Amino acid sequence: MRAAASAGRPWVLDPVAAAASDFRMEACLSLLALRPAVVRGNASEILALASRSAAASSTFKGVDSTHDSGDALQAAKALARSTGAVVAVSGAVDYITDGAQVVGASNGVALMQKITATGCAVTALVAAFVAVEPSDALVAAACALAVFGLAGVRWSRRGAPSPCSAWRGRSGWSRPRGLRLSGCISLTLSTASMSKP
Ligand SMILES: Nc1ncnc2c1ncn2[C@@H]1O[C@H](COP(=O)(O)OP(=O)(O)O)[C@@H](O)[C@H]1O
Ligand SMILES: Cc1ncsc1CCOP(=O)(O)O
């Protein structure tokens, strides 16, 4: 992370179970100081990280969230403003914010929350999207979460349309059937970076 930070390369922090112990919180805060482009966590993790305290998540439940994503939206905005990172809170609605703009992505299926490591997987996808679109981490992260959610829908309903079927920026974009994104001001992810099935 230090090498990435000093080379100006974007990287993504997933504060897994930040509230589980002071040790984990301190590790997350040390990483946060290295200025990730995006922080992606569940609501409990973002609430804890924004308050910079493991005690913030009083009903801590392992790596899972005990809060709804909406509960952490203000904390996410504050964290984004204080760190300069885009902050993504996952949940039934994924909120992605740079502290001013907020994008909501309401794709996915509830079962995803119960599968360990879907959070890690979507964080990896965010990193891949930010690598392609480093100049707009907000849009990249929102697209990653939306696509991941649609992949979950596709998995749960075999035969649903591919999340990568068609997607273009701004006025000319056509969204995959079923995609729900709100508050998105500009979608500039090019189709060239997405493979068709
Ligand atoms: N209630 C839900 N309904 C639909 N999708 C969800 C729900 N909860 C989580 N997800 C999705 O599951 C993925 C992992 O998110 P989450 O479970 O919040 O992360 P973590 O594993 O870090 O706790 C995200 O893509 C998120 O959108
Ligand atoms: C690294 C790791 N090892 C066991 S659970 C876990 C994190 C998975 O967390 P999440 O469900 O938040 O992706």
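Ligand 1 is surrounded by 16 residues, the closest being Arg40, Asn42, Ser90, Asp94 and Gly119; a residue counts as near a molecule if one of its heavy atoms lies within 4 Å of it. The model is predicted: local features need pLDDT of at least 70, side-chain atom pairs count only at pLDDT 80 or more, and totals for chains, interfaces and linings use all residues. Residues are numbered from 1 along each chain as its sequence is written, chains are lettered from A and ligands numbered from 1 in written order, and side-chain values use heavy atoms, with hydrogens and water left out.

Polar contacts are pairs of N or O atoms within 3.5 Å. A polar side-chain atom of Asp94 is 2.7 Å from an oxygen atom of ligand 1. For Ser90, a side-chain N or O atom lies 2.8 Å from an oxygen atom of ligand 1. For Arg40, the corresponding distance is 3.0 Å. Alone, ligand 1 exposes 550 Å², of which the protein buries 92%; areas follow the Shrake-Rupley method with a 1.4 Å probe. Strand β2 (38-42) and helix α5 (118-132) each supply at least two residues of the shell around ligand 1. Helices (H or I, at least four residues) and strands (E, at least two) are DSSP runs, numbered from the N terminus.

Ligand 1 sits in the largest pocket. A pocket is an open set of points on a 1 Å grid over the protein atoms alone, where a 1.4 Å probe fits, with protein on both sides within 12 Å along at least five of seven lines. A molecule sits in a pocket if more than half of its atoms lie within 2 Å of its grid points. The space taken by ligand 2 is likewise the largest pocket.

Around ligand 2 lie Val16, Val63, Thr116, Ala117, Thr118, Gly119 and Cys120. Its polar contacts include backbone atoms. A backbone N or O atom of Cys120 is 2.7 Å from an oxygen atom of ligand 2. For Ala117 the distance is 2.9 Å, and for a polar backbone atom of Gly119 it is 3.2 Å. Ligand 2 taken alone exposes 370 Å², and the protein buries 60% of that.

Helix α6 (residues 137-156) has 20 residues. Val139 belongs to α6 and is buried at 3%. Val139 and Ser106 are 33 residues apart in sequence and 15 Å apart in space, C-alpha to C-alpha.

Notes:
Expected span 1.5 Å × (residues − 1). Polar contact = N/O pair within 3.5 Å; in protein donor to acceptor, adjacent residues only side chain to side chain. 1 Å grid on protein atoms, 1.4 Å probe; cavity = no way out; pocket = protein on both sides within 12 Å on 5 of 7 lines; lining within 4 Å. Buried < 20%, exposed > 50% of the residue type's maximum accessible area, 1.4 Å probe, protein only.
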